[in-house]
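I opened the notebook to look up a few things in this model.

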Amino acid sequence: MKRVIVGISGASGAGLGLKFLESLPCEIEKYCVITKGAREVLKLEEGVGEFDFSKIWNLKLLDDEELGACIASGSFVCEAMAVIPCSSDALAKIACGISDTLLFRAASVMIKEKRKLLLAVREMPFSAIMLENMLKLSQLGVVIAPPILGYYAGRSMEEIEALLIGKWCDSLGIACDYKRWE
């Protein structure tokens, strides 16, 4: 069975991380870490105080402060990790190898074990520092995949989000059906 870690950091668009998590196939073991900042963003943008995780099959919700959790170890085999959205702070910490919370420790493990890591960097415009961090991580094999719109996906927000989620799944080797370029 495939295992996927989903990290949700405190950037605008934290709801995309939840939608990505919901879209993953039932048979995938899902491990989710939500930062304190992401919880604040979800309250502000989505009006979500507490999300109902019971509707997501095969999910283990982990505390970002629990550095001893299973995903903090390289001996925990996990095929892929996505940080959606990835704030500029999260990007910087991952690029510098800072592992002060579970989300950043898990990302560091994915890099050291040479496993798939996707960062949906969510800022605009990108500063030179952010671009340097993205280049550094890309050269290490990290997939940098900001939520950039594909206008061929449709006009509704749901269609655009479905395209983003589909492209992220493609990047992680997860089967997903979405409207592709024809």
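Helices and strands here are DSSP runs, numbered from the N terminus; a helix has at least four residues and a strand at least two. The model I am reading is predicted.

**Entry 1: the annotated stretch.** I checked the record first. UniProt, in an unreviewed entry, places "domain: Flavoprotein" at residues 2–171. Over residues 2–171 I read 40% helix and 18% strand. The end C-alpha atoms of that stretch are 15 Å apart.

**Entry 2: helix 1 and helix 2.** How do helix 1 and helix 2 pack, and at what angle? Helix 1 covers residues 14–23 and helix 2 covers residues 36–46. Their axes lie 8 Å apart, at an angle of about 100 degrees. Angles of 65 to 115 degrees count as roughly perpendicular, so helix 1 and helix 2 are roughly perpendicular to each other. I listed the contact residues next. Helix 1 supplies Ala14, Gly15 and Leu18. Helix 2 supplies Ala38, Val41, Leu42, Glu45 and Glu46. By class, this contact has 5 nonpolar, 1 polar and 2 charged residues.

**Entry 3: the cores.** Which residues touch the most other members of the largest nonpolar core? I found Ile8, Phe20, Leu24, Ile84, Leu118 and Trp168, out of 31 residues in that core. Among the elements giving two or more residues to this core are strand 1 (3–8), strand 2 (29–34), strand 4 (80–86), strand 5 (116–121) and helix 6 (157–172). Helix 1 and helix 2 are also on that list. A second, separate core has 29 residues, including Phe76, Cys86, Leu117 and Leu119. I then went back to leucine 24. Leaving out residues up to four places away in sequence, leucine 24 touches Val4, Val6, Lys30, Cys169 and Ile174.

**Entry 4: helix 4.** I counted buried residues in helix 4 (residues 102–112). Helix 4 is mostly covered, with 8 of its 11 residues buried. They are Leu102, Leu103, Phe104, Ala106, Ala107, Ser108, Val109 and Met110. These buried residues pack against strand 1, strand 2, strand 3 (59–62), strand 4, helix 3 and strand 5.

Entry 5: Alanine 90 sits in helix 3 (residues 88–96). Buried means under 20% relative accessible area. Alanine 90 is at 0%, so it counts as buried. Beyond residues up to four places away in sequence, alanine 90 touches Ser9 and Phe104. Alanine 90 and leucine 103 are 13 residues apart in sequence and 8.9 Å apart in space, C-alpha to C-alpha. Lysine 93 is also in helix 3. Is lysine 93 buried or exposed? Lysine 93 is buried, because its relative accessible area is 19%. Neighbours within four places aside, lysine 93 contacts Ile98, Asp100 and Phe104.

Entry 6: Most residues other than glycine have a negative phi, and most peptide bonds are trans. I looked for exceptions. Lysine 114 lies in the loop between helix 4 and strand 5, and is exposed at 76% relative accessible area. Asparagine 58 also has a positive phi of about 60 degrees. Asparagine 58 lies in the loop between helix 2 and strand 3, and is partly exposed at 35%. A cis peptide bond joins isoleucine 84 and proline 85, with omega about -10 degrees. Proline 85 is in strand 4. Another cis peptide bond joins methionine 124 and proline 125, with omega about -5 degrees. Proline 125 is in the loop between strand 5 and helix 5 (128–139).

Definitions and conventions
Residues numbered from 1 in each chain as written. Predicted model: local features only at pLDDT ≥ 70, side-chain atom pairs only at ≥ 80, totals over all residues. Heavy atoms only, no water. UniProt positions renumbered as here; feature names shortened; annotations may be inferred. Buried < 20%, exposed > 50% of the residue type's maximum accessible area, 1.4 Å probe, protein only. Contact = heavy atoms within 4.5 Å. Axes fitted to C-alpha atoms, helices over the stretch in contact; angles between N-to-C directions. Parallel < 35°, antiparallel > 145°, perpendicular 65-115°, else oblique. Nonpolar A, V, L, I, M, F, W, Y, C, P; charged D, E, K, R; others polar. Core = buried A, V, L, I, M, F, W, Y, C linked by side-chain atoms within 4.5 Å.
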